[in-house]
Amino acid sequence: MGLLVDGKWHDQWYDTAITGGRFVRNDAQFRNWITPDGRAGPSGVGGYKAEAGRYHLYVSLACPWANRTLILRALKGLESIIGVSVVNPFMGENGWTFEPGPGVIADPVADAKYLYEVYLQAQPTYSGRVTVPVLWDLERNTIVNNESAEIIRMFNSAFNDVGARKGDYAPKELIPEIDAVNAHVYDTINNGVYKVGFATDQQVYDHEVHSLFASLDELETQLGRQPYLLGQRITEADWRLFTTLIRFDAVYHGHFKCNIRRLVDYKNLWRYTKELYRQPSVASTVNFEHIKQHYYRSHTTINPNGIVPAGPAIELPDVAPEDLP
Ligand SMILES: N[C@@H](CCC(=O)N[C@@H](CS)C(=O)NCC(=O)O)C(=O)O
């Protein structure tokens with residue numbers, strides 16, 4: 001695991017010594033938008049028109065942020081419009097790689113060995129972390145965007161005129177409410193589990209783990225009153241919460257020490273997670289083998305011997321075969 005500095009790869013982890021034991025996530029740097037007519041989106045520059053076959057998505061099946069993009073790609077029926085590559089779940093000294101293995105899909109663009117080569121193709125002097133997801137433009141040979149929150153907004157609506165399936169998970173009138181829920185869920189849950197897991201100071205861990213579970217407790221109560229975060233309909237906010245919840249008992253509870261309660265101990269949150277998992281095509285984006293292999297083997301500061309635990313046995317609903325890839 002490491003990062004690029006002026007285009008050179010350095011094998012180093014997040015330095016929590018300079019942040020008092022706290023994990024601080026860096027902002028993604030490529031922030032352009034695909035739009036129906038190629039006009040610039042809310043950030044970045046224009047020139048990225050929605051076209052079938054023009055864009056390629058790099059993901060890890062282990063990663064909750066990348067999982068969001070796969071879910072929106074599947075819900076909107078974009079599989080034949082946007083291609084995908086899947087990295088190897090093990091992130092070692094060279095970061096994400098395309099080392100062949102079950103579920104890995106090689107890079108068709110540059111036949112890269114390492115994901116950092118994809119970043120260097122876009123920007124030879126790039127400095128920063130090399131993260132998934134990455135949305136690549138095959139026409140301009142560059143990265144459009146590497147921020148999952150923005151990629152899922154594009155997938156939700158940008159391709160509607162070029163063959164996307166119906167469905168709006170971020171309707172205009174609900175955006176202020178969705179954004180407010182997202183901000184809270186991001187801070188306390190999506191990024192919350194990482195702040196707990198990567199804390200290197202007891203007081204920081206204590207603070208973060210209690211704020212994570214206070215937030216889960218709150219949502220448990222809320223989901224006792226309504227089926228989804230915004231009420232009766234499934235929105236983007238639910239998909240963003242789902243990718244953390246589906247990983248909770250498998251990796252965050254054990255590996256990240258988010259262990260005050262398990263997800264299955266929360267009646268409503270567990271019902272909600274299963275309900276979302278059952279939605280068409282969603283189960284095909286969830287790969288517990290990649291999830292467990294990645295977390296337990298890659299974070300050697302937390303699990304030095306890289307032993308992947310056998311459990312837990314998680315009972316998820318059976319999904320119809322036509323919903324699997
Ligand atoms: N803000 C980014 C975060 C993505 C992210 O941190 N991905 C992780 C995998 S779960 C990653 O690639 N980490 C590699 C690293 O930090 O070096 C997004 O949501 O797209």
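**Entry 1: the domain contact**

I began with the contact between the domains: 14 residues of domain 1 touch 15 residues of domain 2. I count two residues as in contact if their C-beta atoms, placed from the backbone, lie within 7 Å. On the domain 1 side, α1 and α3 each supply at least two of the touching residues. The largest share of that side, 5 residues, comes from α1. By type, the domain 1 side divides into 6 nonpolar, 5 polar and 3 charged residues. Here Ala, Val, Leu, Ile, Met, Phe, Trp, Tyr, Cys and Pro count as nonpolar, Asp, Glu, Lys and Arg as charged, and the others, Gly among them, as polar.

I then looked up the bounds: domain 1 is 3-162 and domain 2 is 172-279. These bounds come from an automatic or database domain assignment. I find the C-alpha centres of domain 1 and domain 2 to be 24 Å apart.

**Entry 2: what kind of model**

I note that the model is predicted, that local features need pLDDT of at least 70, that side-chain atom pairs count only at pLDDT 80 or more, and that totals for chains, interfaces and linings use all residues. Residues are numbered from 1 along each chain as its sequence is written.

**Entry 3: the whole protein**

I count 9 helices and 7 strands in the protein. Helices (H or I, at least four residues) and strands (E, at least two) are DSSP runs, numbered from the N terminus. The radius of gyration is 19 Å, close to the 20 Å that the globule rule gives for 325 residues, so the protein is as compact as a globular protein of that length. The radius is taken over C-alpha atoms, and the globule rule is 2.2 Å times the number of residues to the power 0.38. Along the principal axes, the C-alpha atoms fill a box of roughly 50 × 45 × 35 Å.

Of the 325 residues, 41% are buried. Buried means 20 or more other C-beta atoms within 10 Å of the residue's own, exposed means 12 or fewer, and partly exposed is in between, with C-beta atoms placed from the backbone. Among contacts between residues at least 6 apart in sequence, 65% join residues at least 24 apart.

**Entry 4: helix α1**

I went back to α1, residues 64-75. Its 12 residues reach 16 Å from the first C-alpha to the last, close to the 16 Å expected at 1.5 Å a residue. The expected span is 1.5 Å times one less than the number of residues. How many of the 12 residues of α1 are buried? I find 12 of the 12 buried, so α1 is largely enclosed by the rest of the structure. After α1 comes G77, with a positive phi near 65°.

**Entry 5: the ligand**

I find 15 residues around the ligand, the closest being C63, W65, R129, T131 and S148.

I checked Y116, which sits in α2 (residues 115-122). Y116 is buried, with 22 other C-beta atoms within 10 Å. Beyond four places in sequence, Y116 touches L4, W9, G95 and V130.

I then checked K292, in α9 (residues 288-298). Is K292 buried or exposed? K292 is buried, with 21 other C-beta atoms within 10 Å. Leaving aside neighbours within four places in sequence, K292 is in contact with A250, V251 and V308. From K292 to G95 I read 197 residues in sequence and 17 Å in space, C-alpha to C-alpha.

**Entry 6: backbone details**

I looked up cis peptide bonds. One joins V132 and P133, with omega about 0°; P133 lies in the loop between β5 (128-129) and β6 (134-137). The bond from G311 to P312 is also cis, with omega near -5°, and P312 is in the segment after α9.

K257 has a phi of about 60° and lies in the loop between α7 and α8 (267-277). With 16 C-beta neighbours inside 10 Å, K257 counts as partly exposed. S281 has a phi of about 75° and lies in the loop between α8 and α9. S281 is buried, with 20 other C-beta atoms within 10 Å.

Note on methods. Near = placed C-beta within 6 Å.
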